[in-house]
Amino acid sequence: MQPPTGQPPPGKRWHTREDSGIRLDAALRWWHDDEPIEHPKIIELFNASLVLDDDGRYQLRIAPDWCYVQVEDAAYEVRIVDITPDERVSLRLSDRTAEALDLGSLQLTPDGVLTCRVKQGRAKARFSRDAQYQFGEMLEESPEGRLVLRAGQRHWELPLSLDALQAAT
């Protein structure tokens, strides 16, 4: 099937692979042609099908079909924070993958949401409320007033300040 040619009708788009009309907003909500996508199974399919290509562009890949999508900020949501048997911090993401937390990439947004880098540092992930709470349960204050992450017997000093976290809550 040949793609459409010429200009689309006023206010419409052809919905090509390059211009799908699909976007993921900064709050991790999916949209199509500025209408929210609300069906939970479609949202889960889109979350699981989002990939970052070699050129740094986001695509939805579903079976043999694919299209580019616009991602406004974070592309993935951290849904669960785990401690692995070898006492490492693992993140379970909205695309159904898991990976080790890069502690050096942790940041706190102005509205108090934790973010980090994922996918070998190529993409940004935003913590869900539950994941941020789970992460907070692992934090302690050192005698020097610094923020420390404890996983079993291991602990790491964080690049975030306790003051910044308290101000965000």
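This is a predicted model: local features need pLDDT of at least 70, side-chain atom pairs count only at pLDDT 80 or more; totals for chains, interfaces and linings use all residues.
Helix H2 itself covers residues 129-136, and its buried residues are Ala 131, Gln 132 and Phe 135. When the helix is viewed down its axis, these buried residues fall within an arc of 100°, so they line one face of H2. In an α-helix there are 3.6 residues a turn, so residues three or four places apart point the same way. On the other side of H2, the residues Arg 129, Asp 130 and Tyr 133 are exposed.

One of the strands in the table, S13, contains Lys 124. The side chain of Lys 124 makes a polar contact with the side chain of Asp 73, at 2.9 Å. If neighbours within four places in sequence are left aside, Lys 124 is in contact with Asp 73 and with several other residues, among them Tyr 58, Tyr 76, Thr 115, Cys 116 and Val 118.

For the protein as a whole, there are three helices and 16 strands, and buried residues make up 39% of the 169 residues. Among the contacts with a separation of 6 or more, 42% are between residues 24 or more positions apart. The protein exposes about 10,500 Å², of which carbon and sulfur atoms supply 48%.

Key
Residues are numbered from 1 along each chain as its sequence is written. Side-chain values use heavy atoms; hydrogens and water are left out. Buried means under 20% relative accessible area, exposed over 50%, partly exposed in between (1.4 Å probe, protein chains only). Helices (H or I, at least four residues) and strands (E, at least two) are DSSP runs, numbered from the N terminus. The arc is that of the directions from the helix axis to the C-beta atoms. Contact means heavy atoms within 4.5 Å. Accessible areas come from the Shrake-Rupley method with a 1.4 Å probe; for residues, only the protein chains shown count as cover. A polar contact is a pair of N or O atoms within 3.5 Å; within protein, one must be able to donate a hydrogen and the other to accept it, and residues adjacent in sequence count only if both atoms are side-chain atoms.
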